[in-house]
Amino acid sequence: MTSHPAAALRQGPAASARPVLLAAERGATVIPDKVVARIAARAAQESLASLPATPAAPVALTSPHASATTGGGAARLRLTLDLPYPLDLAGAARHVQHYVSERVTRLTGMHVTEVTLAIEHLAAADGPEHRRVQ
């Protein structure tokens with residue numbers, strides 16, 4: 001019991017009779033797929049910003065889109081994005097996959113089992129106004 005009478009009134013007799021439940025018995029935090037997808041899209045955007053610069057002027061890429069399927073503490077991610085060109089595409093794809101996987105795991109606590117990339121466009125570093133057709 002408490003030594004302060006005001007504290008005893010606030011707690012009441014029911015407060016001392018409640019058993020303390022173990023963490024596993026209290027419930028679980030559920031993160032919706034949509035939230036995991038938003039985290040993955042933001043992580044993909046961060047990873048694209050950290051790619052090595054192309055020799056020409058930087059390009060404006062569209063924001064990545066993501067979808068997620070979660071269950072049992074694991075997540076499968078699908079990303080749709082644009083990549084700058086010229087660039088080592090395989091290396092850039094591995095970089096994005098690794099970065100997104102690590103970031104989603106760190107922020108959600110979920111184990112990322114798969115990160116699938118769909119590259120929609122290759123954005124030329126010199127832009128469309130400098131291209132020539134022969």
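Leu 122 is partly exposed, with a relative accessible area of 42%. Its place is in strand β3. Together with Tyr 85 and Ile 119, Leu 122 makes a nonpolar surface patch of about 270 Å². The model is predicted.

**Overall layout**
- The protein has 4 helices and 3 strands.
- Along the sequence, these follow the pattern α-α-α-β-β-α-β.
- Of the 134 residues, 28% are buried.
- Among contacts with a separation of 6 or more, 72% are between residues 24 or more positions apart.
- The accessible surface is about 9,400 Å². Carbon and sulfur atoms account for 56% of that surface.

**Nonpolar core**
- In soluble globular proteins, nonpolar side chains tend to be buried together.
- Here, the largest nonpolar core has 22 residues.
- The residues with the most contacts inside this core are Val 36, Leu 77, Leu 79, Val 96, Val 100 and Val 104.
- Elements giving two or more residues to the core are α3 (33–49), β2, α4 (89–108) and β3 (111–124).
- Helix α3 gives the most, with 7 residues.
- Leaving out residues up to four places away in sequence, Val 96 touches Ala 44, Ser 47, Leu 48, Leu 79, Leu 81 and Leu 117.

- Asp 82 is found in strand β2.
- Asp 82 counts as buried because its relative accessibility is 7%, and the cut-off for buried is under 20%.
- The side chains of Asp 82 and Thr 62 are joined by a polar contact of 2.7 Å.
- A polar contact of 3.2 Å joins the side chains of Asp 82 and His 121.
- Beyond its neighbours within four places in sequence, Asp 82 is in contact with Leu 48, Leu 61, Thr 62, Glu 120 and His 121.
- Asp 82 and Leu 61 are 21 residues apart in sequence, yet their C-alpha atoms are 6.1 Å apart in space.

**Thr 80: also in β2**
- Thr 80 is in strand β2, which covers residues 74–85.
- Thr 80 is buried, with a relative accessible area of 17%.
- Thr 80 touches Pro 64, His 65, Ala 118 and Glu 120, not counting residues up to four places away in sequence.

Note on methods. Residues numbered from 1 in each chain as written. Predicted model: local features only at pLDDT ≥ 70, side-chain atom pairs only at ≥ 80, totals over all residues. Heavy atoms only, no water. Buried < 20%, exposed > 50% of the residue type's maximum accessible area, 1.4 Å probe, protein only. Contact = heavy atoms within 4.5 Å. Core = buried A, V, L, I, M, F, W, Y, C linked by side-chain atoms within 4.5 Å. Patch = residues over 30% accessible without salt bridge, like charges linked within 9 Å, V, L, I, M, F, W, Y side chains within 5 Å. Areas by Shrake-Rupley, 256 points an atom, 1.4 Å probe, with all protein chains shown as cover. Salt bridge = Lys/Arg side-chain N within 4 Å of Asp/Glu carboxyl O. Polar contact = N/O pair within 3.5 Å; in protein donor to acceptor, adjacent residues only side chain to side chain.
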